[in-house]
Amino acid sequence: QHSERALNELKKEMQNNTDRACQLSEEIEKSEKQYTESLEEQQKTAQSNTNMARQEYNHSLNKIQKKNTVLEEQLKESKETNEELQKTLDNRVWELETEHKSVLAKIERQCEKRMRTAEKTANKKLLESQSELNELKRDLKEEKNLVLIRGTHIC
């Protein structure tokens, strides 16, 4: 149960990282869309005030690029974490499979041992029963002979 819980936690963490990677990709796409919209607006504004528009454009561009850089780094880190978690998960699965095979082999050996013991016990009891049966047959034969002898004396 502990291994299963750990495995489930690893799976959950991997899913969270995958979800985060998707979210980061969406944010990058959104940032790129914001960049495009900002660029179009700045081109319209540039006609009336070139200097002010240029400053706003540069400011927005730098802000978006910094945000994209941060988001790309976070995405890279999430991918690396996912790779590490996948390796850990693969190793744990291998360990559990190996443990499972070992436990099955042990159970099989125990079953075989118990079956041999049960077979020996059954054979021993069968021999005892046969011996008792033979003894009862002898007793019955002796009784029969006594009855025959008594019957002969009576006649």
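Predicted model: local features only at pLDDT ≥ 70, side-chain atom pairs only at ≥ 80, totals over all residues.
**Notebook: surface, overall shape, two residues**

I started with the surface: the chain has about 13,400 Å² of accessible area, and 52% of that belongs to carbon and sulfur atoms. Accessible areas here are Shrake-Rupley values with a 1.4 Å probe, and for residues only the protein chains shown count as cover.

Residues are numbered from 1 along each chain as its sequence is written, and side-chain values use heavy atoms, leaving out hydrogens and water.

Next I checked the overall shape. The C-alpha atoms fill a box of roughly 150 × 25 × 15 Å along the principal axes. I found a radius of gyration of 44 Å, while a compact globule of 155 residues would have one near 15 Å. (That radius is taken over C-alpha atoms, and the globule rule is 2.2 Å times the number of residues to the power 0.38.)

For secondary structure I got 2 helices and 0 strands, both defined as DSSP runs numbered from the N terminus: helices are H or I with at least four residues, strands E with at least two.

Then burial: 15% of the 155 residues count as buried. The cut-offs are under 20% relative accessible area for buried, over 50% for exposed, and partly exposed in between (1.4 Å probe, protein chains only).

I looked up two residues. Val-103 sits in helix H2 (residues 50–154) and counts as partly exposed because its relative accessibility is 41%. Lys-67 is also in helix H2, and at 42% Lys-67 counts as partly exposed. From Lys-67 to Ile-28 I read 8.4 Å, C-alpha to C-alpha, across 39 residues of sequence.
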